[in-house]
Amino acid sequence: MVDEEAMGGRTEFLGSFLTADRRARIDRVLELRTRYLTIVLEDIYQPHNASAVLRSCECFGIQDVHIVEDRNAYTVSRDVVLGAASWLDLIRYRASEGQSVGHCCRELRAAGYRLVAASPDEESTVSDVDDIGVDTPLAVFFGNEEQGLTKAVRDEVEQHMRIPMFGFTQSFNISVSAALILRELTRRIRASSASWGLSDEEKRGLRLQWYRRLVKGSDLLEQRYLEDNREVVR
């Protein structure tokens, strides 16, 4: 209880440096944020694509993006991402640190996600995106620009998903694929009876995180607040 009060005090203090309109905008965004759907990017290496996917995730209200860096370092282009990454939680898995894609899959499954691979394959075992059920939380995996998803991921996922295409070209750029899939899945998730929104605790944490980002010198201001309110935060 004391921790919640302390967090609330810091949030209210930092919020006093923002306009009422900006605080209301943050509250509206928090109400529509979700962790029910998350995206996993395996070894994406082109900065333009990496940035475009993050931007789409932020626009569609996705909070968490899991990034696997087994072979390629994940970099973003500031000209494309336009600050979107600052509003997201990026969870990284690096093979050099003992966290491979298998580790990512196990963590997501333990958290209750159904693992789904985005795939251009035309096999009968691959479902169209509009046939993917949204009755359980989903983690959608995207592979890199050349090889796609690794066998390690394909062996782990429970379902493969494709975007229906009707031309001679049978594949979209990864950033386009991610945007189309996010549009379809978020639309149906929000229309469903699933509890897809953030908890009150998650909203409080993100509100403070975002206030810190927006308020210039927030670290010094927060330190001043803590010094002035020692009894409250003890």
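Modeller: A strand here is a DSSP run of type E with at least two residues, numbered from the N terminus. The model is a predicted one.

Biologist: In which strand is Ile39 found?

Modeller: The protein chain has ten helices and seven strands. Residues 37-42 form one of these strands, and Ile39 lies within that run, in strand 1.

Biologist: Is Ile39 buried or exposed?

Modeller: A residue is called buried when its relative accessible area is under 20%. For Ile39 the value is 1%, so Ile39 is buried.

Biologist: Which residues are in contact with Ile39, leaving aside its neighbours within four places in sequence?

Modeller: Contact requires heavy atoms within 4.5 Å. With those neighbours set aside, the contacts of Ile39 are Cys57, Asp64, Val65, His66, Val140, Phe142 and Leu182.

Biologist: How far apart in space are Ile39 and Gln63, C-alpha to C-alpha?

Modeller: In sequence, 24 residues separate Ile39 from Gln63. In space, their C-alpha atoms are separated by 9.3 Å.

Biologist: Are helix 3 and helix 7 roughly parallel or roughly antiparallel to each other?

Modeller: Helix 3 covers residues 47-59 and helix 7 covers residues 174-191; their axes are 8 Å apart, at an angle of about 10°. Angles under 35 degrees count as roughly parallel. Helix 3 and helix 7 are therefore roughly parallel.

Biologist: How many charged residues does the contact of helix 3 with helix 7 have?

Modeller: Helix 3 brings Asn49, Ala52, Val53, Ser56 and Cys57 to the contact, and helix 7 brings Ile174, Ser175, Ala178, Ala179 and Leu182. By class, seven are nonpolar and three are polar, and the number of charged residues is none.

Biologist: Is the crossing of helix 2 and helix 8 left-handed or right-handed?

Modeller: Helix 2 (residues 20-32) packs against helix 8 (residues 200-214) at about 140°, with axes 11 Å apart. That angle makes helix 2 oblique to helix 8. The crossing of the two helices is right-handed.

Biologist: How many charged residues are in the contact of helix 2 with helix 8?

Modeller: On the helix 2 side are Arg22, Arg23, Ile26, Asp27, Val29, Leu30 and Glu31, and on the helix 8 side are Lys203, Leu206, Arg207, Trp210, Tyr211 and Leu214. Seven of the residues in this contact are nonpolar and none is polar; the charged ones number six.

Biologist: What share of the residues in the protein chain is buried?

Modeller: The protein chain has 234 residues. Of these, the buried share is 45%.

Definitions and conventions
Residues are numbered from 1 along each chain as its sequence is written. This is a predicted model: local features need pLDDT of at least 70, side-chain atom pairs count only at pLDDT 80 or more; totals for chains, interfaces and linings use all residues. Side-chain values use heavy atoms; hydrogens and water are left out. Axes are lines fitted to C-alpha atoms, for helices over the stretch in contact, and angles run from 0 to 180 degrees between N-to-C directions. Helices (H or I, at least four residues) and strands (E, at least two) are DSSP runs, numbered from the N terminus. Angles under 35 degrees count as roughly parallel, over 145 as roughly antiparallel, 65 to 115 as roughly perpendicular and the rest as oblique. A crossing is left-handed if the near helix is turned anticlockwise from the far one by less than a right angle, and right-handed if clockwise. Ala, Val, Leu, Ile, Met, Phe, Trp, Tyr, Cys and Pro count as nonpolar, Asp, Glu, Lys and Arg as charged, and the others, Gly among them, as polar. Buried means under 20% relative accessible area, exposed over 50%, partly exposed in between (1.4 Å probe, protein chains only).
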